[in-house]
Amino acid sequence: GYPVLMASDILIYKASVVPVGEDQAPHLELAREIARRFNYLYGKVFPEPQIRLSEVPMLPGIDGRKMSKSYGNFITMSAETEEIKEKVRLMITDPQRIRKTDPGNPDICVVYAFQKIFNSEETSKIEQSCRSGEIGCVECKRILIEKMDQRLTPIREKRKELANNPGLVEDILADGAARAREVARQTLEEVKEKMGLLMPKE
């Protein structure tokens, strides 16, 4: 039932592009199939929504499993510096690497997966240093902590600013909801008309 509910949220607004994580791609394909089937049976109403994946379509949790709130293996966008430090220190690295000078395999290292996002300008250098044993896991984590904190600080500060102005947030949400309701109303009316479900006007 959930993928169908997700499809309705996409199609009611006639979305043409939907940003999703890699694990949501099959759900979006169902939305595309529903759009195709409706258009075939009743006439063109819905665009077939295209998938838009980010440059890093899937980010592992700090323990190497799928990132999930239920696993507690995530780092929030609003994480304070100390939380970032704690979570990064717990990240799984190459289990075959015993000593700092041992060659590592960044392809199976959670820290490296995060480096590619938060420290892309140094990724190739870190990869080479890891594979050659020139950089240890502790140092690699220290670099990541610094880069993550730099990137998340403005997000964290903006969140605090918005939290201190709840009226502004409520106004933004109300405005968005009003505009979304109107789009949904128009789409539903068009769907009913195509299906012959509109009541005749007196």
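The second largest pocket is lined by Val20, Gly21, Glu22, Asp23, Ser54, Val56, Pro57, Met58, Leu59, Lys66 and Met67. A pocket here is an open set of points on a 1 Å grid over the protein atoms alone, with protein on both sides within 12 Å along at least five of seven lines, and lining residues have an atom within 4 Å of a point. This is a predicted model, in which local features need pLDDT of at least 70 and side-chain atom pairs count only at pLDDT 80 or more, while totals for chains, interfaces and linings use all residues. Residues are numbered from 1 along each chain as its sequence is written, and side-chain values use heavy atoms, without hydrogens and water.

The volume of the second largest pocket is about 200 Å³, where volume is the space filled by probe spheres set on the points, joined across faces, edges and corners. Its lining has six nonpolar, two polar and three charged residues; Ala, Val, Leu, Ile, Met, Phe, Trp, Tyr, Cys and Pro count as nonpolar, Asp, Glu, Lys and Arg as charged, and the others, Gly among them, as polar.

The largest pocket holds about 260 Å³. Its lining includes Leu59, Met67, Phe114 and Arg151, and divides into 10 nonpolar residues, one polar and one charged. Four lining residues, the largest share, come from α6; helices are DSSP runs of H or I with at least four residues, numbered from the N terminus.

Tyr42 is in helix α2. Tyr42 counts as partly exposed because its relative accessibility is 35%, and partly exposed lies between buried (under 20%) and exposed (over 50%), with a 1.4 Å probe and protein chains only.

Methods. Helix = DSSP H or I, 4+ residues; strand = E, 2+ residues; numbered from the N terminus. 1 Å grid on protein atoms, 1.4 Å probe; cavity = no way out; pocket = protein on both sides within 12 Å on 5 of 7 lines; lining within 4 Å.
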